[in-house]
Every structure is written in C-alpha cells, then in structure tokens.
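Please look over the sequence and the model below before reading on, and keep both at hand while the text moves from one region to another.

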Amino acid sequence: MERYFTKEHRAGVNIKDLPKDPRLQTRITNYSPNDQRVAVNMEDLPTDPGLRPRITNYSPNDQDQVRRAYLLAGPCQPRDHAFPQKIFGNKLRRFNKDWFGLYSSWLEYSVSKDSAYCLCCYLFKPDIGDQAGGDSFVGEDFSNWKKNDRLQSHVGGSNSAHNQAVAKCQDLLKQKQYIQTVFEKQAKHDEDDYLIRLNAAIDCIRFLLRQAIAFRGHDESENSSNRGNYLELLKFLADHNDEVKAVAFGNAPQNVKLTSPDVQQDIVTAAASETLKVIVEEIGDALFSILVDEARDILVKEQMVVVVRYIDKKKKCY
C-alpha cells in the first residue's frame with residue numbers, strides 16, 4: 001500500500017520550494033540575520049550620547065519607555081569635565097560649558113568622542129535628510145567648535161525638525177498624552193455610565209416588585225406602543241432624568257443596555273436574596289410562623305407562595 005502514498009517530509013524546508021507569493025518573497029528578501037534588537041535594561045542605559053545605540057535599534061514596544069527614561073534623566077552635561085582643545089586653523093578651540101546654559105534642555109556632550117549631541121533629536125529625529133543639521137547632533141557627532149553658530153542653526157525655525165522633536169518630547173512627558181492614561185480614563189467613564197444605567201434599572205425593578213406588577217409585555221419591540229411595564233417605566237425615568245437619558249437605550253452600548261429579560265431576572269434574583277438576608281437578620285432567634293399556599297395555573301404548573309410572619313426587634317409585626 002505504501003507505493004500509493006507520498007511520505008510527508010517534516011525535517012527541513014527549503015526556501016526555494018516555498019510558493020512564490022510576492023508578499024512572502026518580500027519578507028524573505030528583507031530578512032537579515034544581523035537585524036537584532038537591543039536588549040533593554042532601564043537601570044543601565046548608556047549616559048554618554050556617543051555610546052548610545054540608535055533609538056530605532058530598540059524594540060518598538062520599548063522605544064517610548066527608553067525615551068521617557070532619558071527625558072526624566074535629562075541631557076548629559078558634564079560641566080566639571082576638562083574639555084580638550086583642538087586646532088582649528090591657527091587657534092586652539094574647545095567645547096564651551098557655557099553653551100549648556102544657553103541650550104540646557106537638549107544640548108549634550110560626549111566625553112568619549114569630544115562631541116556635541118541633541119537629546120531631543122536623538123529620541124525623535126524625523127527622517128528628513130539634511131534639514132536642521134541632518135544627522136549632526138544625532139548619529140554623526142558635531143565637534144567643529146569654530147562654528148558654534150551651528151548650535152543655533154540646529155534649533156531652526158518654529159517648524160524645524162528640532163522643534164518638532166522637542167514638541168514630541170513634551171507630549172511624551174505629559175501624563176494626559178499617555179495611551180495607558182487615555183484607556184484608564186475611558187474605562188472610568190464607561191464604568192460611571194454603567195453604574196448610572198444599573199441604578200436606574202434597579203430602581204425600576206424595585207418599584208415593580210414592591211407593587212407586584214408584571215414586568216414583560218407581549219410586544220417589546222422598539223416600534224411597539226406598549227413595550228411592557230419594565231421598559232416603559234425605564235423610558236419614563238430616562239425622559240425625566242437627563243443623566244439617565246444620556247446613557248440609556250440608544251445611548252448605551254449594545255451589550256450593556258440592561259433591558260433584556262435575563263438581566264431583569266438576575267436583578268430580581270439578587271433582590272430576593274438580599275431581602276431574604278435582611279429578614280433572617282431581623283428575625284434572629286425570635287419566633288416566627290410560615291404560611292404556605294399552592295395553586296395550579298391553566299398550564300398545570302403549580303405555583304407556591306411562602307409567607308413569613310414575625311415580630312422584629314422593635315416589636316413591629318410583619
């Protein structure tokens with residue numbers, strides 16, 4: 001029988017044997033074994049800007065965390081360092097520590113490379129070629145102390161690449177801009193809306209239970225003129241309470257409208273459990289009596305009613 005079957009080889013797969021899907025071929029072509037992400041140790045990030053890996057070398061999931069750590073630490077500014085001199089033309093020049101005061105929010109100095117860098121552009125430099133100094137102050141160090149006007153030209157106009165990077169740094173440090181904070185704020189808002197709907201539903205159900213009124217209607221569709229006591233009472237409450245109206249019916253998410261029969265039954269069951277608990281606590285060790293009656297309806301389904309009579313601690317009879 002084996003000659004009628006072809007054995008399946010699982011040991012190895014040759015890339016040449018894969019189907020020639022353009023998307024698959026693109027992924028295979030673009031793959032490089034040297035394309036490795038830098039492992040993140042937040043407690044041991046390089047402080048010297050000349051020794052830092054590019055921010056894009058970190059995993060996209062870690063980049064904002066690394067950026068925030070560097071921003072909270074501030075730019076690397078070794079003010080007490082003995083800056084070495086270099087010959088430019090016929091003069092000896094070196095980095096001037098007073099520049100830290102002029103550009104305190106972004107200017108950095110690398111002791112290992114005797115060069116200047118921009119913290120903001122390192123963290124958020126857009127890929128726009130030579131605008132605002134190109135790769136200077138980021139990957140290619142700047143050490144031409146003769147042309148210190150390059151520091152100001154690096155800043156550029158209000159819409160320069162540097163100022164765009166500064167704006168992104170400021171946004172990152174604002175708690176209200178964090179995605180996590182936005183989600184938490186939205187979750188809190190949804191929770192508040194749910195509590196308003198739930199309290200409104202409980203109020204309606206308590207009223208119907210206390211008055212022994214039926215909940216359901218024969219036609220509870222949206223086009224019905226009478227959708228049943230529960231839905232009509234809830235609608236009446238929403239029409240006279242703007243807070244409830246803002247979160248009920250059409251303004252509520254489809255899965256938490258709290259109008260379905262199952263939800264009504266769950267609330268009724270919870271109310272019955274809480275009522276029974278209160279009665280038991282009020283009776284305590286006192287005497288009580290039980291009246292039980294049973295009847296059979298038209299569907300030959302027996303209904304039992306249990307009545308408890310007791311006197312509470314305040315001598316009040318129930």
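This is a predicted model: local features need pLDDT of at least 70, side-chain atom pairs count only at pLDDT 80 or more; totals for chains, interfaces and linings use all residues.

The largest pocket has a volume of about 400 Å³, and the elements that give two or more residues to its lining are helix 7 (179-210) and helix 10 (261-283). Among the lining residues are Ile 202, Arg 206, Phe 207 and Arg 210, together with Ile 267, Ala 271 and Glu 274; by class, the lining comprises eight nonpolar, one polar and three charged residues.

Val 292, which lies in strand 5, counts as exposed because its relative accessibility is 55%. Arg 296 and Glu 302 join their side chains in a salt bridge at 3.1 Å, N to O; Arg 296 is exposed at 56% relative accessibility, whereas Glu 302 is partly exposed at 44%.

Arg 67 and Asp 64 meet at 3.0 Å, N to O, and because they are three residues apart in helix 2 (residues 60-73), about one helical turn separates them. Lys 86 and Asp 114 meet in a salt bridge at 3.7 Å, N to O, and this pair links distant parts of the chain, with Lys 86 in strand 1 (residues 86-88) and Asp 114 in the loop between strand 3 (107-110) and strand 4 (115-118), 28 residues apart. Asp 114 is buried, with a relative accessible area of 8%, while Lys 86 is partly exposed at 27%.

Technical notes:
Residues are numbered from 1 along each chain as its sequence is written. Side-chain values use heavy atoms; hydrogens and water are left out. Helices (H or I, at least four residues) and strands (E, at least two) are DSSP runs, numbered from the N terminus. Buried means under 20% relative accessible area, exposed over 50%, partly exposed in between (1.4 Å probe, protein chains only). On a 1 Å grid over the protein atoms alone, a cavity is a set of points where a 1.4 Å probe fits but cannot get out, and a pocket is an open set with protein on both sides within 12 Å along at least five of seven lines; lining residues have an atom within 4 Å of a point. Grid points are joined across faces, edges and corners, and a volume is the space filled by probe spheres set on the points. Ala, Val, Leu, Ile, Met, Phe, Trp, Tyr, Cys and Pro count as nonpolar, Asp, Glu, Lys and Arg as charged, and the others, Gly among them, as polar. A salt bridge is a side-chain nitrogen of Lys or Arg within 4 Å of a carboxyl oxygen of Asp or Glu.
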